[in-house]
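Subject: Structure handover

Hello,

Here is the structure I promised to pass on. Please open it first, then read the notes below.

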Amino acid sequence: MHKIRKMPVRLVTLAMIFIIILSSTVSYAAVTQGQQDYDNAVEKLEAWGVINASDLNVNGKMTRELFSKIIINSTGNYELAQSLTGSTTFPDVSAKSQYCGYINAAAKLGYLSAYSDGKFKPGTPITFAQLCTAMIKALGYTPADVVGAWPNGYLDKAKGLGLTTGYSYTSGGSVASEAAIIMISRMLNTNIKKTGTQAADQTLLEASGLQDDQNNWIYGKPEIAMNFKPETLKLGSITFKSGVPVLRDTVNNAVSPAVKVTGETISLNDIKDKDVVYEVYNKLNVLMYYLVVDNRIDGEITSILPSKYSPKKVQISGVDYDLGEYAKLNKFNSSAGAFNVGDTVSAILGHDGKLIDVYYAENSTVEDYAFVVNTATEVSKKAADYGKIYYTVSLMHVDGTTKTYKVSEDPGQYKWRLVKYSALPDDFVALLAVSNNMSNELTIDRYEKKAGQSYITDNIKIFNYTDSTVNILKWTDIPNGTLPAGKVQYIGTTGEFGDVNLLLTSDVLNQQYKNYVVQKITVPDGKKTTTYTYSLVSGSDSYTYTSKSELPGAIVGSVVSMKMFNNKVNSYDKLVDTSAQGWYVQAIDSKRIKMSEWVYMFSSDVTFYVKDYSDNLTAKKITDIVVGTESGYANVKLYCDRPLNNGGKVQYVIINLK
């Protein structure tokens with residue numbers, strides 16, 4: 001009889017462990033991946049917007065709520081999650097949870113489901129089987145593509161695709177965050193199921209539009225570079241971040257067909273004036289890169305479509321360009337100073353070929369002129385020249401752009417003046433004051449294109465300034481007729497015929513002064529009130545003006561000229577004379593009025609007021625005006641926006657009742 005030899009306890013224990021491991025349904029010894037693999041995966045997932053590194057607990061487990069966010073973002077279903085935020089079908093998921101929308105989307109798409117008790121258990125670690133099932137479904141596979149029952153069929157499929165290589169958990173085992181992140185990164189770089197035999201290979205990353213899918217890019221507000229200083233890292237609403245690439249797209253329209261170079265890597269120092277700069281985001285709102293577009297069209301405006309009242313397109317040299325979302329409509333509509341058909345311009349186009357902005361084409365005979373809009377003194381904070389004083393000057397150029405330069409001496413004497421300038425190295429300029437050479441009235445003939453006895457050049461430049469603004473006008477903006485002395489202050493000429501190529505005008509459109517009708521006057525009572533208060537109206541605009549002294553000659557129904565500053569009433573100017581007066585209206589329609597056998601045209605903002613015997617002034621409609629000698633009017637006074645002999649049109653009709 002053989003004796004049974006007892007095995008040492010230690011060997012028995014090891015043998016039992018070995019048997020238990022082999023008998024497990026899916027059991028392996030988890031192999032720890034390198035920290036480098038994890039760091040690389042996190043970096044990529046964060047760059048694509050799938051996760052935030054702060055979401056992760058590298059030493060903990062991957063929760064079902066966090067995995068919901070990751071799987072939804074990985075598959076490009078962020079917008080679905082946003083639409084499902086704010087309500088929940090699970091009793092243990094708060095509608096206010098930051099993961100609520102992701103959980104709803106994950107359940108809707110079948111990536112995750114509730115437990116048998118109806119709860120989602122958002123804070124519970126995700127199991128290996130749940131993770132593998134979700135990844136296989138995300139790659140487009142259905143139960144028909146999986147061999148074997150759940151969960152083993154999905155575990156085998158995930159293994160066969162290389163998603164779980166190096167990782168082994170029991171099907172119900174909790175997955176560590178580190179392992180889950182690496183497997184999700186692999187999933188994104190795995191080809192999705194083909195939809196047909198002819199379909200090309202495509203990774204989930206490509207299919208979800210998280211990378212290199214230009215159709216899903218989101219472009220931020222375009223900023224036009226002008227005097228951009230790279231060291232500030234600021235351009236309008238854009239703040240440049242380190243590590244984000246800067247790419248340039250260049251379109252050369254000087255040749256036919258146009259030549260386009262895209263995706264050129266540049267530095268901030270390569271950004272030029274009039275470049276258009278965008279922040280470009282993927283569909284998860286992650287900043288991917290900065291795009292710099294250099295695409296300009298020079299030519300003549302041949303049409304503004306469908307009309308100047310509602311411009312949608314601008315035709316330049318016969319080619320239509322849609323106005324972009326951020327185009328300034330007041331540059332093309334019926335506003336004063338807007339561009340017109342026949343103007344020669346330089347147009348700036350965006351990434352989509354739509355027009356963003358337009359500037360006047362340069363005129364080589366006047367390009368050294370500029371208007372000084374501001375001056376400043378700066379003290380350097382740089383280590384190399386700390387404390388050194390620099391002077392700067394901001395110049396508006398003849399194309400309407402404004403840039404800031406350095407000057408070697410205090411430029412204060414040039415502020416709000418016309419100058420000539422010359423460019424020097426290192427963004428310095430030298431300035432030369434331009435003395436006014438015109439102090440008399442000047443007759444303008446817009447149609448013959450004459451200023452006084454001189455003809456104007458085709459591309460004349462006109463600087464027009466007020467106390468607070470300066471802008472570039474076109475020849476067609478200048479009032480026709482005789483301009484009072486002081487309106488034109490400088491005339492620049494060129495060539496043997498002395499053709500006028502530049503004008504400096506002072507408030508030639510009378511923007512600095514605005515006419516108001518006196519609606520009510522409150523006089524001081526010597527007790528509570530010590531000032532005169534005038535209620536002024538002009539169409540829908542109203543203003544209350546107070547003064548220690550009475551406005552000379554002003555009564556209810558008078559028209560007064562008020563000086564404006566930054567579009568607000570600043571001070572009283574003068575009482576406005578009546579342009580025409582009659583005892584009754586002979587005829588009237590929407591465009592004109594006839595009195596004393598004369599016909600007067602209305603301005604676009606004409607307003608009608610009636611003053612009764614109690615000094616009450618009331619605005620009226622044109623249909624309220626009575627025609628004929630039996631109207632009951634004591635008098636009818638017309639006030640024009642400028643003198644009648646200068647093409648003035650009626651701005652106010654003020655009627656006094658008997």
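Asp-343 sits in the loop that runs between β10 (319-322) and β11 (344-349). Helices and strands here are DSSP runs (helices H or I, at least four residues; strands E, at least two), numbered from the N terminus. The model is predicted, so local features need pLDDT of at least 70, side-chain atom pairs count only at pLDDT 80 or more, and totals for chains, interfaces and linings use all residues. Residues are numbered from 1 along each chain as its sequence is written, and side-chain values use heavy atoms, with hydrogens and water left out.

**Asp-343**

Asp-343 is buried but has no salt bridge. Buried means under 20% relative accessible area, exposed means over 50%, and partly exposed is in between (1.4 Å probe, protein chains only). A salt bridge needs a side-chain nitrogen of Lys or Arg within 4 Å of a carboxyl oxygen of Asp or Glu. Which side chain of opposite charge is nearest to Asp-343? Lys-474 is, at 4.1 Å. For charge, Lys and Arg count as positive, Asp and Glu as negative, and His and the chain ends are not counted.

The side chain of Asp-343 does have a polar atom 2.7 Å from the backbone nitrogen of Asn-340. Not counting residues up to four places away in sequence, Asp-343 touches Gly-299, Glu-300, Ile-301 and Lys-474. Contact means heavy atoms within 4.5 Å.

**Salt bridges**

Lys-474 has a salt bridge with Asp-477, with the closest N and O atoms 3.6 Å apart. Both Asp-477 and Lys-474 are buried.

How many salt bridges are there by this rule? The count is 18. One of them joins the side chains of Asp-55 and Lys-69, at 3.0 Å from N to O. This pair links distant parts of the chain, 14 residues apart. Asp-55 is in the loop between α2 (35-47) and α3 (64-74), while Lys-69 is in helix α3. Asp-55 is partly exposed, at 21% relative accessibility. Lys-69 is buried, with a relative accessible area of 11%.

Another salt bridge joins Lys-272 and Asp-294, at 3.2 Å from N to O. Lys-272 lies in the loop between β6 (259-265) and β7 (276-281), and Asp-294 in strand β8 (residues 287-305), so the pair ties together parts that are 22 residues apart in sequence. Lys-272 is partly exposed, at 36% relative accessibility. Asp-294 is buried, with a relative accessible area of 15%. Through shared partners, salt bridges join Arg-248, Lys-272, Asp-275, Asp-294 and Arg-296 into one network.

**Helix α3**

Back to the helix that holds Lys-69. Is α3 mostly covered or mostly uncovered? It is mostly covered, with 10 of its 11 residues buried. Among them are Leu-66, Phe-67, Ile-70, Ile-71 and Ile-72. The buried residues of α3 pack against α4 (78-83), α5 (100-108), α6 (128-138), α8 (177-188) and α9 (204-208). Just after α3, Gly-76 takes a positive phi of about 75 degrees.

**An open sheet**

Five strands form an open sheet in the order β27-β26-β25-β28-β29, with antiparallel pairing. Two strands pair if DSSP finds at least two bridges between them. At the edges stand β27 (541-547) and β29 (568-575), each with a single partner strand, so one side of each has no neighbour in the sheet. On average, neighbouring strands are turned by 40 degrees against each other, direction ignored. Axes are lines fitted to C-alpha atoms, for helices over the stretch in contact, and angles run from 0 to 180 degrees between N-to-C directions.

Strand β28 (residues 559-565) pairs with β29 in the antiparallel sense over 6 bridges. Phe-565 stands opposite Lys-568 in β29.

Val-523 is in the loop between β25 (513-522) and β26 (532-538). Its C-alpha atom is 8.4 Å from that of Glu-550, 27 residues apart along the chain. Leaving aside neighbours within four places in sequence, Val-523 contacts Thr-529, Thr-531 and Tyr-532.

**Asn-635**

Last, a residue in strand β35 (residues 633-640): Asn-635. Asn-635 is buried, with a relative accessible area of 15%. Its side chain makes a polar contact with the side chain of Asn-656, at 2.8 Å. A polar contact is a pair of N or O atoms within 3.5 Å; within protein, one must be able to donate a hydrogen and the other to accept it, and residues adjacent in sequence count only if both atoms are side-chain atoms. Beyond its neighbours within four places in sequence, Asn-635 is in contact with Gln-581, Gly-582, Trp-583, Ile-654, Ile-655 and Asn-656.

Best wishes
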